[in-house]
Structures are given as C-alpha cells and as structure tokens.
Amino acid sequence: MIYDLNIAWSPSTTSERLLQTLSLASSLGYSTVALNHTLELPVPANPKSPFPSELESSSSRTLPTLLHRATLALDDPAASNYRLPTLANAYDILAVRPLTEKAFQNACLTLDIPIISLDLTTYFPFHFRPKPCMAAVSRGVRFEICYAQLLAADNRGRANFISNATSIIRATRGRGIMISSEAKTGLSLRGPADVVNLLNVWGLANEKGLEGLRSIPRSVVVNEGMKRNGFRGVINVIQAASTDDNDTNKPSSGDNETSAGTDTGRSGNKAKNQKRKKGEEDGQFVSKRQAKKLKLAARAAGPDKTPAS
C-alpha cells in the first residue's frame with residue numbers, strides 16, 4: 001500500500017477539482033491519502049473538521065481511502081499550549097510546520113506530534129543539526145518532504161528546496177523521512193517510482209524512499225488511530241464477549257453423558273492394562289544366560305542318576 005498523507009485542501013477548493021485530484025491519485029497507485037488543512041494560531045476552543053463529507057457518496061469514481069489532517073504553523077515556542085488534544089479529536093493526523101529555529105527545536109524535542117512538515121522552498125536562517133533531528137526520529141517523529149513544492153516554486157525556491165532536502169537527509173541519515181506531495185491539483189501529482197528516483201538524486205536511497213511511501217506513513221496512520229481509538233494508546237478493544245456466547249460454549253446434558261461413558265470405558269481399559277502389567281510382574285523371567293546355565297547343569301547331572309530297579 002502506498003500513502004500520500006498531504007493533499008492540500010482549503011475551503012476554497014471546489015468539489016470537482018478535489019475529485020479529479022483524488023481519482024488521479026488512485027490511478028497512480030495511492031491507496032490512502034489525507035486531506036491537509038493548514039491552520040493558524042490561535043486555534044479555536046472547539047475545532048471542527050471542515051472537510052466535505054459527501055465526496056464518496058456522490059462520486060462514482062474510484063477514490064482512495066480518505067483521512068483528515070491538520071497542519072499547524074508554529075513560530076512562537078513560548079506558547080506551550082497549542083490545543084493539540086482538541087485538534088486530535090477533530091482530525092485523524094496532526095502535523096506542525098515550524099518557522100523559526102526555536103520552534104523547530106521545540107517540535108523535535110518536546111511536542112507530541114507525529115509529523116514535522118517544512119516548507120523547503122523558503123530560506124531557513126539555521127542549519128538542520130543531526131542531534132535534534134535524530135532525537136526526533138528516536139521519539140517516533142517523522143520529517144515530511146513534499147515534492148510538489150519544487151514543481152510550483154521559482155528558480156530561487158527550487159534551489160532552496162534542493163539545499164534543505166539534502167540537509168535534512170544528511171542530518172537524519174535517511175531515517176524517518178516521509179514523502180508526500182502537498183498537491184493542490186492533479187497536475188502536481190507524480191508516480192511513486194518517479195518520486196523515489198527524484199529523491200535518490202539528492203541522497204535518499206531507493207529503499208529509504210520506498211519506506212517513505214509505504215511503511216513510515218502506515219506507521220503514522222496506525223499509531224494515530226491507536227491513540228484515538230485504543231485504551232491509553234496501547235490496547236484496542238475490538239469486541240466484548242456476550243452472555244449468549246458463554247451459554248453456547250457450555251456442553252449439553254447429552255454431551256455430558258457421552259463424555260461420562262467414554263471416561264468409564266477409558267478407566268476400564270486402564271484397569272485391564274494395570275492387571276496385565278501386574279501379572280507380568282508376578283511371573284519369573286529368566287534371561288538367556290541363566291537358561292543356558294540351567295540347561296548345562298541339567299545335562300551334567302543326568303549321567304550321575306542311576307536308573308531305578
């Protein structure tokens with residue numbers, strides 16, 4: 001299964017354009033996609049999912065599995081409460097987009113979020129150091145590279161994208177890299193093989209690129225689902241046992257009688273076997289060596305006997 005967890009969506013996106021993008025993603029081989037809504041601070045107290053709900057019912061086209069995602073832009077690391085728990089109730093996946101160095105370090109070391117998404121076409125006045133990046137990877141945070149940013153950028157933006165993507169790949173050693181599109185239209189989508197080959201030019205190995213399209217986004221989806229549906233993010237209750245099932249598992253009276261008869265038969269056979277073993281133990285067994293000695297002794301004693309008159 002191939003994932004694309006970043007299909008750009010905004011309230012101004014028309015349903016027809018969204019359907020075209022989703023149908024093209026399905027034809028390219030993407031089985032699960034996430035509609036991404038970019039939020040800005042301050043976050044409302046009771047956020048609601050703004051995505052349209054009648055896409056699957058009103059469309060006759062083949063669409064991939066849809067998820068809802070929210071990306072929150074961060075520039076002030078002093079604001080520690082971003083209302084992430086309330087956002088988790090309204091969206092399936094959460095991501096942050098740090099804009100400053102302190103916000104980036106805060107996202108790598110502190111925030112409980114699964115994805116760090118960066119606008120790689122912009123110039124960052126700091127370096128992506130291996131220590132905070134590897135600390136984020138060890139915590140289970142994934143860095144997202146969106147290739148559609150390169151297609152829509154100008155010459156300066158493309159140079160920044162290549163430089164930033166190479167720096168992130170070098171800082172993380174290719175680990176924890178998730179590949180998405182952030183496509184606003186179907187023209188920005190590319191096939192999985194083309195994306196892997198493109199990132200291979202910038203230092204990401206082919207196997208790492210395939211993981212960024214398959215296993216890594218799948219782990220994000222599964223972990224986020226467990227956090228929302230499971231007990232404390234560890235145990236997931238699938239179905240509780242009912243009393244009817246317990247009653248059907250009890251054996252009937254006929255079964256009890258049959259089992260009792262078989263038990264008595266088995267006990268009788270055991271008694272016979274025990275008697276047979278006891279009889280064998282009572283008899284005297286003579287070895288071949290002892291039998292040979294007795295036979296020789298009988299022959300030696302035979303001539304000494306005198307016939308009776």
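Two strands pair if DSSP finds at least two bridges between them. Strands (E, at least two residues) and helices (H or I, at least four) are DSSP runs, numbered from the N terminus.

The model is predicted: local features need pLDDT of at least 70, side-chain atom pairs count only at pLDDT 80 or more, and totals for chains, interfaces and linings use all residues. Residues are numbered from 1 along each chain as its sequence is written, and side-chain values use heavy atoms, with hydrogens and water left out.

**View A. Seven strands form an open sheet with parallel pairing.**
The strand order is β1-β2-β3-β4-β5-β6-β7. β1 and β7 stand at the edges with a single partner strand each, so one side of each has no neighbour in the sheet.

Look for Ile116: its bridge partner in β6 is Phe143.

**View C. Strand β3 is largely enclosed by the rest of the structure.**
Seven of the ten residues of β3 are buried (under 20% relative accessible area; exposed is over 50%, partly exposed in between; 1.4 Å probe, protein chains only). β3 pairs with β2 in the parallel sense over eight bridges. Val33 stands opposite Leu66 of β3. β3 also pairs with strand β4 (residues 93-98), again in the parallel sense, over six bridges. Here Ala73 stands opposite Arg97 of β4.

**View D. The buried residues of helix α8 line one face.**
Pro192, Val195, Val196 and Leu199 are buried in α8. Seen down the helix axis, the buried residues fall within an arc of 100°, so they line one face (the arc is that of the directions from the axis to the C-beta atoms). β1, β2, β6, β7 and α9 are among the elements that cover them. Turned away from this buried side are the exposed residues Ala193 and Val201. Just after α8, Gly203 takes a positive phi of about 110°.

**View E. Helix α9 buries Gly209, Gly212 and Leu213.**
These three buried residues belong to a helix that spans residues 206-213. They cover an arc of only 95° around the axis, which puts them on the same side of α9. Four elements pack against them: β1 (2-9), β7 (177-180), α8 (192-201) and α10 (215-229).

**View F. A salt bridge joins Glu182 to Arg97.**
A salt bridge is a side-chain nitrogen of Lys or Arg within 4 Å of a carboxyl oxygen of Asp or Glu. A search of the whole structure finds four. In the pair shown, the closest N and O atoms are 3.4 Å apart. Glu182 sits in the loop between β7 and α8, and Arg97 in strand β4, so the pair ties together parts that are 85 residues apart in sequence. Glu182 and Arg97 are both buried.

**View G. Salt bridges link Asp112, Glu224 and Lys227 in a network.**
Lys227 bridges to Asp112, with the closest N and O atoms 3.6 Å apart. Lys227 lies in helix α10 and Asp112 in the loop between α4 (101-109) and β5, so this pair ties together parts that are 115 residues apart in sequence. Lys227 also bridges to Glu224, with the closest N and O atoms 3.4 Å apart. Both residues of this second pair lie in α10, three residues apart, about one turn of the helix. Asp112 counts as exposed, at 60% relative accessibility. Lys227 counts as partly exposed, at 45%. Glu224 counts as buried, at 5%.

How values were computed. Contact means heavy atoms within 4.5 Å.
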